[in-house]
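Dear colleague,

I am handing over the structure below for your study.

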Amino acid sequence: MAAIGFGYAMLLFVACLMAGLRQQMVESGTDLVLSDAEVHAPSYYPDRPINQTLGGRDGTDVSALVAAIAADARVEAASPRVYGYGLVSAAHQSAGAQLLGVVPAQEQKITVLQRRMVKGSYLTGRIPKGVVMGDKLATTIGVEVGSEIVLLTPATDGSTGNDLYTVVGMFHTGLDAMDRDLVLMSIASLQDLLRLSPGRIHEVGIKLHDNDFTAATKTAAALETQLSKSFPVRVRAWPELVPELADYVQFNRRVTFILFLIFFLLAVMGIVNTTLMAIVARTRELGMLLAVGMRPVQLVGLIVAEAAILAGGSLVLGAALGSPVLWYLQIHGLYLGGSRGAISLGGVVVGPLWYGRQDFAAYTQAALGLAVTAVVSALYPALRAARFRPTEALRKV
Amino acid sequence: MRWQKGSVAICLALIWVSLGQVSQAADDQRAREIVDGVARLFVSQSSIATVEMQVTKEELQRKITMQFWSVGETNILIRVRSPQEDAGTAILKTGGKIWYYLPKANRTVKIPASMMMSPWMGSDFTLNDLVKQSRLTNDYVIATSFDGERDGVALSEYTLTPKPSAVVVWGKITLEVRHADHMPVRQRYYDEDGKLVRELTFSEYKTVSGRLIPTRLVMRPTGQTVEQTTITYEKIIFGESISAETFSRKNLKQ
Amino acid sequence: MVGVLLLVKIGWRNLWRNPRGTLLTALALGLGLTLLLISLGLLDGSHEQLVRNAVRFGTGHVVIQAQGYQDTGSLELLLPAQVVSTTGEFMHGEAMKHVLRGMSPRLLASGLLSSAANASGVSMMGVNPKEERAVSLIPQRIVEGNYLNDDQQSGVVIGAELARKLAVKVGGKVVLMTQAVQAPATEATDADEGEMQSTLLRVNGIFRTGIQAIDAHVIHLPLPEAQGLLGVPDRVNQVAVLLEREGDSLMVARSLRKQLTGLPVEVLTWRESMPTLAQSFVLDEAFNYVMNGVVLAMVGLGILNTILMRVLERRYEFGLCSAMGLRPVQLAVMVIGESLALTAISLALGLVLGLGAQHYFATAGLDLRWFFKSSLPSALVFDPVIYSRLSVARIASSVSTVFLTATAISFYPALKAARTELPGALRVF
């Protein structure tokens, strides 16, 4: 009984950690800028022509659109964005960069770039023409917090948009593409620069409650159907935006599945062993029952029934034991501490907590598997026991 | 991205490059001379011009008026006069570098070489071409492909095929030149599959400073019924001396 | 006084009183070790695979660059001329050649690639095709045309996204424009820019990696051609080294640093040159540790269970022994002796099976596509076959851990045996 119970508890533990791992893996790839899903006008991605705004050239009611998306139960938060590409110029040097216009309050709900600030601060409303840029970009053009820069970019009306901005902060992500190439600013100031009316945006970034591969893709498809009723859109979930991350997650998923199978096998072996032993130990008792008149079929039935009840009880016990641990894992995580060895990560702080996540599908599958195993493993010795000659059985000591 | 249609400097580069690329080769001596003559139409010791550029795209129409000064092919200054939002913007190309003056920000920005090469600046007709076009010579083999009348005009059509090692993206270029005055009528650019990519039309021929030149050029990418760029020379003077001061950064700001 | 040796002998014989039972039990325990070995092999192998796939799109396990290149990416920072030859000699030498999988000298720069239809900024890489093939994954992702030939003078390989944007096909013309390397900038003056150079290239092949950034921006061309374009004959700015085993990265980096002392270079492991990649693997590595622990726990429990059962069901026998004069301590020793013997047999069986299975997976590999036919991304970025990797150290530590665990665990049942109570144990019913 203990074998089954404990085995099940271990399986729960492993499944919980594996699910948590998958989610964290995805997050680490999407939480800086990408977010879980993005909404675009149909011809916008991947070339990003600046006039391809949501809702066409007339744009749309942005807050209504964002609210409509956020209202969906699967969506945690949504935020509007505008993109451009232009020249960032300081006193002595210039460099090309991607410009991203956001609404800071909403953006911080879907991404975590604000946690990577190394100098100055993230965008606040206080300085309307304030910008935040990657630290490597700042070094290349030679600016500090407080420096003035010029942004130069082709605008949608064909003119050359240009204006002065102030550097309010710098971030460091460790990702070259961002640290060298990205400038964040308020959505309104970028729209001004690009000559876009306030109703015209390029993208709505979405954070989902469940960023699992299949769940995210399904949610994206559902959102696309729903939003397309107003005007044509394409909603892409992260597997489509970063297929290499999807690949990595799937790869990992398969490997952990194999491991799960192995654990399952171990648990099964334990159970088979125990059940076998338990029945062998009861040889005399079983022999007695036969001698007293129980029919072999009934004996088998008895043993199997016992095994089933025992299995059921053990599973419940295992679940009971495991639940507090699972709950703890989800809320507090597993502290990894020094188990990561000597890994220098270039100044990026890595959370030492590994959060678990409930994977009820896995839990149920494991339970069923174990129960079936327990019953089946009782079958062989049960059948053998049924063939005992009562006298021989009684003689066994 | 088709920024060549929107950016001021690019459209000017367009004129320079399209004609500058056309150069001689061994084949047809007469043809070579004529084509060369066309190429040198806008090249001179110095020129001062007032130019109007009209950009038409499906969602916008822009008319830009500018003044430009040039000495040879190395020094060019462009000042935008209208429309209002771009007025005062100036571009200076000198010594292989390009500077932008932005009146709104009151700043002079150097366009780095890498920016001249970055995607949003667009196709061959980039600022970069202003820098390197003076080295494009001897890139094409010239042959006469048509001699006769088209649309009531007696002209010859020359087909320019790039030499194997020529650093050009075109499959071929055809140039129609009038018999009467050796004025260009039409220039067509083809890719290697023989597909027409864009077409440049010349018209409104006037005599300026003793030269006959077409004062209206229309560039149209193929497949576009609406998109095109028209450049009209309202005024152009050749040969007048321009001080070196003109091509200084200080001068940029005025 | 019955000697310890005799007790152990008795213990051994006890095992064989029921040969089938014993063997089955040994098998069960042995399988525990087998599964442990398999899972360790797969974990290590998959980790190895992941890292290798990722670094093959980047700078390999170890990269050598001019000092400061990692931070600035400045084109002026080239590797001193002798670095490539010194590194080459060293890595192909006796000491290192068995850990080396490939090394490739590269010249990286940015440029503009134009076609008749369009133009786009690109990251160009001048490479030696033969050597690059051993390091990068791009040569294996060609979808149209071919990768560069070994002695090809001129040509370019571009990504599918770039080909689409420029509307070019294999054999088509493109012009690459770039800036020659120039003198460094000083504080007072602006950087003096090098001349713009351009060259005509024909598209030799088109690749698709599935990674947007690569497919839209990376191009490969022959190294001499790139060097000519940038005006730096015989120079490179990066040497990427790919190893057989990720675990050797630190060692190789250290050795290379020693070989290249005095030169203004930086030798970085992939964790340093691609820190975000390292970060994404932290979870993966932590996972390995935890999983190892879990497997050990489960195996330990299995052992405990088995041995405990064996003791509990032989109460009568122990009672008899006790009645015949065996002291509790001696009973305990006997049980421990049995356990040790059983463990030894199990380990032997487990090891044989485990190493056999591991060898199969190490050579034939485990094709993950078997398991997940559905929900496969359309463009598979990573190689879906895992090759099991098991180092001698791992095997040794697994075996010894299982052995020690088994021994430690057997103390409990031994204790129980020692405390066999008479006359309770002798009662048959």
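Helix H6 (residues 187-194) of chain A is mostly covered, with six of its eight residues buried. Helices here are DSSP runs of H or I with at least four residues, strands are runs of E with at least two, and both are numbered from the N terminus. A residue is buried if 20 or more other C-beta atoms lie within 10 Å of its own, exposed if 12 or fewer do, and partly exposed in between, with C-beta atoms placed from the backbone. In H6(A), the buried residues are Ile187(A), Ser189(A), Leu190(A), Gln191(A), Leu193(A) and Leu194(A). Their cover includes strands S2 (75-89), S3 (94-102), S6 (148-154), S7 (160-171) and S8 (182-186) of chain A. After H6(A) comes Arg195(A), which has a positive phi near 60°.

Please note that this is a predicted model, in which local features need pLDDT of at least 70 and side-chain atom pairs count only at pLDDT 80 or more, while totals for chains, interfaces and linings use all residues. Residues are numbered from 1 along each chain as its sequence is written, and chains are lettered from A and ligands numbered from 1 in the order in which they are written.

Chain A as a whole has 13 helices and twelve strands. Its radius of gyration, taken over C-alpha atoms, is 30 Å, well over the 21 Å that the globule rule (2.2 Å times the number of residues to the power 0.38) gives for 397 residues, so chain A is more spread out than a compact globule. Along the principal axes, its C-alpha atoms fill a box of roughly 105 × 50 × 30 Å. Of the 397 residues in chain A, 50% count as buried.

A pair of helices in chain A also deserves attention. Helix H9 (residues 243-281) and helix H12 (residues 360-386) of chain A pack at about 30°, their axes 9 Å apart. Axes are lines fitted to C-alpha atoms, for helices over the stretch in contact, and angles run from 0 to 180 degrees between N-to-C directions. Two residues are in contact if their C-beta atoms, placed from the backbone, lie within 7 Å. Among the residues that meet are Phe264(A) and Ile271(A) of H9(A), and Leu370(A) and Pro381(A) of H12(A).

Chain B, finally, contains five helices and 13 strands. Buried residues account for 41% of its 254 residues.

Yours sincerely
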